[in-house]
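Please examine the sequence and the three-dimensional structure shown below.

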Amino acid sequence: MLQLPRWRVILVIVVAIFAAFTTAPNLLPPSARAMIPPFLPHSPMNLGLDLQGGSHLLLEIDTSGLERGQVDSLRQQVGSALREAQPQILRSAPTAAGGVVTTKLNNPADLQRAMQALRPIARNPDGGDDLITFTSQPDGTITARYTPVALQQSARRAADQSIKVIRSRIDPNGTSEVSIVRQGDDRIVVQAPGVSDPEELKQRIGKTALMTFNLVPTNVQITDPSRPPPGTFIAGPYPGVGNTAALVESHPQFTGEHLTRARVSTDGQTGQIVIAFQLDATGTRLFCRISREHTGDQFAILLDNQVLTAPRINEPICGGSGQISGSFDAKSASDLVLMLNAGALPAPLTVIEQRTVDATLGRDAIESGSKATIYASIAVVVFMALAYGLFGLMAILALIVNMGMIIGAMSIGGATLTLPGIAGLVLTIGMAVDANVLIYERMREEQRHGRSAAMSIDAGFARAMVTIIDSHLTQFLAALILFQFGEGPVKGFAWTLSIGCITSVITATFVTQTLVAIWFRLTRPKHLPI
Amino acid sequence: MAWPLIKLMPEKTNFKFVRFAFFAAFLSIVAVTGSFVSMFTGGFRDNPIEVFQHAQGDPLARLGAVMGRGFNLGIDFRGGTLLEITAPQSIDGGAIKHALSGLNFGDVEVQGVSGRQADGLFHTMVQFQTPGNNPNAVIESVKQHVQTVVPGVQFSRVEAVSGKVSEELFGNGLIALGLAILLMLIYIAFRFEFQFGMGAVFALFHDTILTLGLFSVLRLEFTLTIIAALLTIIGYSMNDTVVVFDRLRENLKKYKRMSLADVIDLSTNETLSRTMITSLTALLSAIALWTVGGETLRGFAIAMTFGIVIGTYSSIYVAAPAILLWHSRRGRGPNQETAPAVVEGAR
């Protein structure tokens, strides 16, 4: 233990320097931070919304509405599968109620054939288990329902899709620091730093938007932009994506619910970037009719009544797929595809939790948190120096490195510091010296039992190690559960507590051990001043 | 080097913890029972049977209502809205209450933070229930009413939690606490012996219930961070217990002929100095948080301070002596009087 391999000294120095450099950005004012050379870490810790001010919203997707829509589509699928079977299977019109689609075959003998015809509907396009379970009764009744997994998947898909929509609504340019993430299957967390009025945010998120296809009327001259002709209105360009305004018919020909998929593609002949899209069965029929009637006319694709693009219908489109040509580049085309695919919110959202803190209150929290950190540090430092003298000072050095490591690790690891996180830091100051105390108390004991200074040091470290690992692992376990349980501020607490748990073991053993070994070499004491 | 080292403990202590443990057990049982009674009676304020009879819904929901009154639940766990308002002059809580009483949505709680805060402003918390799906209308009208009675008011914090979320948070909190205790049991049983695990779990229940009891009796606001504090207390108390257990394991091997009770006493005495010093440094931190850490963390700091004291007590008087309740290899030794002699002989 008391040998002092050079690598260990170097490692301790490297760790200390690393901690100093990763911590430094947190201590410097922003102006000084700008002068840090680019090869050094220069990002301070992320501050939680409770410290920097901002709004936190928890949104929930109305899954019941989503499910109703799905069950209705299942009803149609069941009907058409049985109708299109060869020869046709006669049955009562399928009904949907309580999440279950029911139909009754006219002839129960068809049951096996019917189940076969329905088989493809159940299949999961992504592979894996069936999405729908069919059950049949001898009298020819067939019921179909989505499996819980399928419902869960669709809720999750709806949440992911909603996230895209919400982002396009509250952060169309991708410039603000809003974070929007899914939580669980059907919830979305929106965190907007600096936004102290969540009402505006909620309005922008919650407004119902729908993608529509509106015709641009021909032979209409706009004489006065403020007074468009009856039955029409002027739609402005959609922020960030659209580049034209258009006069459109108020009544949409077609709504976005029929669009199944859009993607970026290139025109086979011209090589121009286009957007290819696909429609569902109803949409195909409808679009075929509209495009035949209006070949050569211009229409506009609107989102939230703002123009995404206003292409011309070049030919009747009856295949259920088509392409939109326009003046897009790759970037705007992919943006547009995102919007088309995302369309409107797939289901209504409710705000189920909302927390807003204004920046002043956040600053106060930082201030009192810092004060608590300083007071706790002073108290612990004084106490350790009084209790263990020189060894106490070594423990204090280890504690300083420890704090540096925690803050440094949080800075480069992208962890978020919250007010409870500061509390965790303060508690860590008091608890981190525990490992040192364990070692020192053991040394005292060994020395009391008549061991030499060197042997006492050796035994102190060796025997305390087992205890340190055991006792810190339990604390670490508790911190891990906090991670699982907590969200937001509490998670910040879990961060500082768990990182502090690891670093205090490292510094108390490794750093202190090296310091003690150096001291021992220099002084060769007969007796430990402890 | 002559540094006036302050030794908290004499070099060698020889307290008979185990002998005292029966009295300690009695104290603990009284305190735990008291905590439970407080949780069921709204901090000794109401009659649980009456509350149960007047509550709505099935028996489980009624029991929930009884328990709910046991604590001063914050909006995290009860649902509702919290406004933190600030004003340059002192805020008249009664006037706010009066202004809001006309709105007719149940209890309004107004709690002032005493004195001018660091930002030079006066702070007051206003809590009220916002049932239904759209709390915004209620919140807006409350804000307007508050504006009329408190000139120059600012709304520094607005938190609204729906009943659904608060129920989940409450459930998750209980699960997290249970899970933490279970994990500790498994860890200790795995690293030590099952009896040790049971002793540790005894201590953890003891600490958790007493801290809950404190919050129930004093009507301190029970929020999410209190659950975080409870989990930290579990971790801390466990840390303390493990240190004693580690020494116990070591000594059980070393002094094979000593009775279990004596080995427990010896181990607790040997680790006593460390236990005290660590508790003290941890306490210093917790007290710093309590005194200057600001209003938001006060509840948390109170829970931690109390928990550290209780956790230290429990690792000495609950965890180790509880091992005696389960029969171990040795049982209680017949020769308690001669035990210290064995200790001396071993040195």
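Predicted model: local features only at pLDDT ≥ 70, side-chain atom pairs only at ≥ 80, totals over all residues.

Residues are numbered from 1 along each chain as its sequence is written, and chains are lettered from A and ligands numbered from 1 in the order in which they are written.

In chain A, 4 strands form an open sheet in the order 3-4-6-5, with antiparallel pairing. Helices (H or I, at least four residues) and strands (E, at least two) are DSSP runs, numbered from the N terminus, and two strands pair if DSSP finds at least two bridges between them. Strand 3 (95-97) and strand 5 (132-136) of chain A stand at the edges with a single partner strand each, so one side of each has no neighbour in the sheet. From one strand to the next, the twist averages 25 degrees.

Strand 6 (residues 141-146) of chain A pairs with strand 5 of chain A in the antiparallel sense over 5 bridges. Here A:Thr135 stands opposite A:Thr143, and A:Ser136 has A:Ile142 as its bridge partner. The hairpin of these strands has 4 residues between them, and A:Gly140 takes a positive phi near 95 degrees there. Strand 4 (residues 100-104) of chain A is joined to strand 6 of chain A by 4 bridges, again antiparallel, and A:Thr102 stands opposite A:Thr143.

Chain B contains 12 helices and 6 strands. Of its 347 residues, 47% count as buried.

The two chains meet where 62 residues of chain A are in contact with 62 residues of chain B; contact requires C-beta atoms, placed from the backbone, to lie within 7 Å. Helix 10 of chain A gives the most to the side of chain A that touches chain B, with 19 residues. Strand 18 of chain A also takes part: 5 bridges join this strand to strand 5 (residues 154-161) of chain B, and the two run antiparallel. A:Glu353 stands opposite B:Val161 in strand 5 of chain B.

Terms used:
Axes fitted to C-alpha atoms, helices over the stretch in contact; angles between N-to-C directions. Buried ≥ 20, exposed ≤ 12 C-beta atoms within 10 Å, placed from the backbone.
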